[in-house]
Amino acid sequence: MYSGGAAAAAGSPRRDFISVTLGPEEAVGVGGYNNSKAWRRRSCWRKWKQLSRLQRSVILFLFAFLAVCGVISYASMGETWKSITNKSLDDQRTEQEIPRLKLANPAVLPAPQKADANQGDYPELSLQKPPKPPHVRRGPSNLQIKAPRRDTRLKTRHDTMRAVVELDEADKVEKTEKSIISWRGAVIEPDQSTEPSSSKIMEPEKPSSVEAEDQKEPVPINERQLAVIEAFRHAWKGYKDFAWGHDELKPLSKSYSEWFGLGLTLIDALDTMWILGLKEEFEEARKWVANDLVFDKNVDVNLFESTIRILGGLLSTYHLSGDSLFLEKAKDIGNRLMPAFKTPSKIPYSDVNIGRGTAHPPRWTSDSTVAEVTSIQLEFRELSRLTGDEKFQKAVDEVMKHVHILSGKNDGLVPMFINTNSGQFTHLGVYTLGARADSYYEYLLKQWIQGGKKENELLEDYMKAIEGVKKHLLQRSEPKKLTFVGELAHGHFSAKMDHLVCFLPGTLALGAHNGLAADHMKLAETLIETCYQMYAQVETGLSPEIVHFNLHAQKGHKDVEIKPADRHNLLRPETVESLFYMYRFTGDKKYQDWGWEILQNFNRYTRVPTGGYTSINNVQNPSNPEPRDKMESFFLGETLKYMFLLFSDDIDLINLDKYIFNTEAHPLPIWVPA
Ligand code: DMJ
């Protein structure tokens, strides 16, 4: 410190400080050193007194200045401290809310993160890539559900919802201009437009936040996808107005039907709403799940149906949204279904009372259906992975192991029934890829993919079965020479094919995409053409439930014949599902065009103006398709979802190297090594 009374020592060597000399008597070492308190106090006071007024003022000012600085920096440190403390409290709270993550299995997949459920917010669809040819295949990467990215979410959501509102208004205007036809007292809209709306918007955010996609630009949603959104909202309107919280809508009588009494349509539709970007509808449905979905009910449910629709729907919605509510509900229903496996053979019973915890076969038999007991594996295995409780996976794996070594197969083809006491196939000698056996084949391949392509027995059984199909069930029709999959009954071939079999081209294509024989893809291409013809050759452009193919050319006959008992259409998804896979893997636009035709025909013949779509009894009568007054839950869970995905050019909108669809179109993650 420098003072006016101090003199710098002249001629002394350069020093890095200034010395202040206050007077001879105070100099250390001069006049003796006295360190008593009184001396020090007196000495300081004397020194203070000796300072000039200016010097005193400068010193006081400096003290005051330092004091003010001290106060300010204390206050700001306090804020920082407070926020650090709060943040750590928040972190603790979040961890308490998701104890599931702690319980979860040592992850095969990175554990999903919880969405911001407190805000009732719509968690993130990650950004999407600019459109690219859908046939471009990309190597699989690890799936990782990530936390929402707020900036992009707001933008895309806003755009999407605005477009949906625009669509709504355009729809209202259009409706007033349309005439209406009526059949059997029911009214449906003719030509209900699936024509492109003029409004163009950005594609809804993709909810599945996959790591590598974080930086992507949103892919514009196209007009056909908008038409699917419009169709979904129309179906949802009917459900909401007349069947809210019930299993199925009866759109003509404006009422509902109950199967399990568990809001089947609502649960089946959850992930479709997510994928379509229907935020409001999703939030409303979520509330119902949170407040009204109760499984503690004295009700018999079918094990297979409730697994693929309810358990599958809840698990996929959990994965897409990251909202732990859905996992909690999935655990609840999963546990309640477990009594089905308490049988002498471990082959599960078909029915479970989820309130009482009892299970039983149908009244007339102790058999279960083969497709049913072998198409619940994707869901239960995933439930084990998420909960860390292996009992679910163990139960369903045991069924597969048992069926793997069971005799009674014919070149990999399985009979349709299996006995829950003996564990043996029954009704031997009848082989089909349709009802009661279909998804056995589908789940062989899909389990193999889900588990990271390591479970060789599954692959072996799948490959054998496809060889069995080729050997016993494939034939060509006349006049168009369409390749179709018939049935074999005690050595006799029947040219009958269920619409259900149309899952097969998609499954074959998925196998080929995963490295299986290239001729599977060839077969897929010929079979999807056949499935399309099952629509195109029919008067309404909609497929019947079952067709019979002509094996011999007859004048004036098409390839496809329909029996009166088979001419209904239940709004089933299988052909659209396969079209989706075919487009994803080939990029051939004809598959989109075929799907577009089908959507228009659904709109023409099954749409009910007051809301909803209905199954019909007669696909051969365009002027009276005979509505059945029922909208199956899979129309929202599967058919419209696959339509939307079919029309998308974004291979990352449910990337098939990361997700595997269960047989009800609920996407579940493919497990990859951690
Ligand atoms: C759905 O419940 C599932 O796709 C099942 O595998 C077969 N039946 C219906 C759809 O047709």
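Student: Which residues does L433 touch, not counting those up to four places away in sequence?

Tutor: L433 touches L413, D438, Y441, V469, L473, V485, V501, F503 and L504; contact means heavy atoms within 4.5 Å. Keep in mind that this is a predicted model: local features need pLDDT of at least 70, side-chain atom pairs count only at pLDDT 80 or more, and totals for chains, interfaces and linings use all residues. Residues are numbered from 1 along each chain as its sequence is written, and side-chain values use heavy atoms, with hydrogens and water left out.

Student: OK, and which residues touch the most other members of the largest nonpolar core?

Tutor: F380, L433 and M497, in a core of 155 residues. Such a core is a set of buried (under 20% relative accessible area, 1.4 Å probe, protein chains only) Ala, Val, Leu, Ile, Met, Phe, Trp, Tyr and Cys residues joined through side-chain atoms within 4.5 Å.

Student: What stands opposite M497 in strand 19?

Tutor: V547 does. Strands here are DSSP runs of E, at least two residues, numbered from the N terminus.

Student: Switching to the ligand, which residues are around it?

Tutor: I308, R309, L500, R572, P573, E574, F634, E638, T663 and E664, where a residue counts if one of its heavy atoms lies within 4 Å.

Student: How far is a polar side-chain atom of E664 from an oxygen atom of the ligand?

Tutor: 2.6 Å. For R309, a polar side-chain atom lies 3.5 Å from a ligand oxygen.

Notes: Two strands pair if DSSP finds at least two bridges between them. Helices (H or I, at least four residues) and strands (E, at least two) are DSSP runs, numbered from the N terminus. Buried means under 20% relative accessible area, exposed over 50%, partly exposed in between (1.4 Å probe, protein chains only). A polar contact is a pair of N or O atoms within 3.5 Å; within protein, one must be able to donate a hydrogen and the other to accept it, and residues adjacent in sequence count only if both atoms are side-chain atoms.
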